[in-house]
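Look at the whole first, then at the detail.

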Amino acid sequence: MADTGDDDDDRYRIKEGDYVVLKRGDIYKSVQILPKKKVIFEKQWIFLDNAVGCLYGDTFEIGAGGGLQPQNTKTTESPPDSKVAGTDNRNIIDDGKSQKLTKDDIEKLKDQGLRGQEIVQQLIENSSTFSNKTGYAQDKYIKKKKKKYENTVTVLRPNCRILAMMYHGREPGKICHLRYDTLAQMLTLANIHANSKVLVFETCAGLVLGSIMERMGGFGTVIQMFPGEGPVRAGVESFGFPAHFYETLHEFPICHLNALEAGTLNKRPVAGEKESTAEEEEVLPGADQQDGSPDDQSMETVSGDAKVQDQKQKEEEKRREAKALEKKVKLEEKQRKLAAAAAQLDGRNADGLVIASRFHPCPVLLRLLRFLSPSRPFAVYSQYLEPLIECYTKLKEQGGAVGLKVTDTWLRHYQVLPNRTHPRLLMSGGGGYLLSGTTVASERSAGSLQSEEPAPKRQKLKDTLG
Amino acid sequence: MSFVEYSECIQDSDVAIIYLGHNSVMPVKVQHGAQTQTRYGVIRHSSDLIGQRYGSKVTCSKGGWVYVLHPTPELWTVSLPHRTQILYTTDIATITMMLDLKPGSIVCESGTGSGSLSHAILRTIAPTGHLHTVEFHKQRSEKAAEEFSEHRVSHLVTVRNQDVCKDGFGVTGVADAVFLDIPSPWEAVGHAKAALKKHGGRLCSFSPCIEQVQRTAEALTDHGFEEINTLEVLLRVHDVRTVSLPLPDYGPDCSAHPEPDAMETPPPPSHASISMKTTTPPRELPGHTGYLIFATKPRT
């Protein structure tokens, strides 16, 4: 089933309004393609209009003025044909004077419209020490200069991997410092897959929610439990999901959890309640006025000014009416959505639970676990270890979960080059911790027959108070 | 029951996972009239399993108990019968995300091995994706096909018994992602490139040895792959423990003048200790499974 020409191409074409990710090297930025919209990327202003109609994955040069131009030739690594190189650095003196071009010279070259590759070539030709460097040092030099003077940007289709790396690199604070490999573990440990019902509680700007939705492919149900007034979903937009994905997404405010469980959910969202009562108060006098005014009008002697005033009054009342109706419709919609979410929760048959927030995970986990069927996985993320120790301990006491594990992952990148292979960075401890487990039929069994935690070793000396 | 969809109750011919305790799980083929021996006694399928809810506690003949769990790829990975060294969940999770796998993805994999990764891929790409998996060992490929059938995922997978280095994956231009876990992945890079869609796709190669990594990275570069990235993921487990740390005894308090509040604060008893919850690393950590090389095939 090979691809067939243009039809398939259409799926890979960049369209106006698309959410994309701009990339240069290891830097990513999520943006929306809007006409004539200026976007900053790596200290440059860019207009993305020219990307529309091109294919995802295309790389562009940023022209003077910020417009995108298709890249003419792929920058191929020039083969070391007649590379003059030295053998080691014993005679290379780093006095800062080896580059003959000044900053101004380079700016002039940039203004002349020289492409990144050409500027690098100029730098090499004007470096007095270049030919004395070893071949490897020359490669490193070229790579470094390319990175600095490269003027290209690649337009990518957003996905979990790219967005998770982007958020972790750019705004880790927004996602509770969740590293992308930890996110990967969560998605797998919680067995996120199509046609399941997943509960999510996250304060990671919607990145976790979006990742879950991606892995569900629009099949199944996702219920986002949220604190406060409304769910944060900015990150979800960046994924660029098709509209039908949102039909599977529900939200439920945790401030109504008690009411839900007591069966007294009065179906009026607290967030909207204050607003609506205030508005109702607004509307009521307006309505009175409305009812009153025709009488008033008929009673008043009609003078020229009064007529104009009446006209204005009528228009204002119409507007108020329309607004009130709009608010009413919105409120009803909100109530309907809340009831739908509540119905999903009432069954207590969710298939998975994912928690990743700045809140203390223990009360969240213990409360939300009740909504899962038995034999279903859950994954809880915390930036810190101690809260998860508490979760583990409490779960052991209360029962209802097996296979509990507290883990974190170490991620190590490698540079792989001939004769130059070695690890790069060790990102340890910066990715957060996970607690994972599986629910089982709960029965409050304090002190199981087969304890999982080995008994603490007895002290040889007399110990324990009293 | 299937490995890609949950069900509530245990039925005849299901594959269920018996949870015996800390880190101890075993798979069971549920059958009317059958019995399973465990260290806690016998489990009789007809009375103890069939019709019970997944997640239930089952008391065995000797009096001990176990839990019966619905199978998931993660539980399967730690309970499946090994025919080869397998990939574990930590690497599998990383691979899944870095290959951009999701419902509808078309994936090519070789070698199938014991099917640990295969099951995880199937779970992620269901219900609209497909896995083409290649295994050059005849018995292993047959065993894998058998298991996929028992696990009710056959419709999502095609198993081919051939040598991927010579004959490729059996399909071309269809894959969103290719995964290689073979001794000489550089020999299969060409076939991997052919299997991937013209619009591009992702590739991952898993190798225990750095020399394999180097040769593979070179082959990938030669074939025009981009964004070549090599990494490894290590799992660190934190075992939660209660520990008791004794406090030192410095002898009876010998101050010359009696403190005004000496009566209110009695000296700490010499046999005191502080008890607390903390974590310790396990005795041995798996320090290395393999290197993961990821790359992107650009549009051709």
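The accessible surface of chain A comes to about 25500 Å². Carbon and sulfur atoms hold 51% of that surface. Areas follow the Shrake-Rupley method with a 1.4 Å probe, and for residues only the protein chains shown count as cover.

This is a predicted model: local features need pLDDT of at least 70, side-chain atom pairs count only at pLDDT 80 or more, and totals for chains, interfaces and linings use all residues. Residues are numbered from 1 along each chain as its sequence is written, chains are lettered from A and ligands numbered from 1 in the order in which they are written, and side-chain values use heavy atoms, without hydrogens and water.

Chain A has 13 helices and 15 strands. These are DSSP runs, numbered from the N terminus: helices are H or I with at least four residues, strands E with at least two. Of the 466 residues of chain A, 44% count as buried. Buried means under 20% relative accessible area (1.4 Å probe, protein chains only). Among contacts in chain A with a separation of 6 or more, 68% link residues 24 or more positions apart. A contact means heavy atoms within 4.5 Å.

Now take strand β7 of chain A, residues 152–156. In β7(A), 5 of 5 residues are buried. A:T152, A:T154 and A:L156 lie on one side, A:V153 and A:V155 on the other. Both faces are covered.

Which strands pair with β7(A)? Pairing requires at least two DSSP bridges between two strands.

| Partner of β7(A) | Bridges | Direction | Opposite residues |
|---|---|---|---|
| β1(A), residues 19–24 | 3 bridges | antiparallel | A:V21 and A:L156 |
| β5(A), residues 59–62 | 3 bridges | antiparallel | A:T59 and A:T154 |

How values were computed
Buried < 20%, exposed > 50% of the residue type's maximum accessible area, 1.4 Å probe, protein only.
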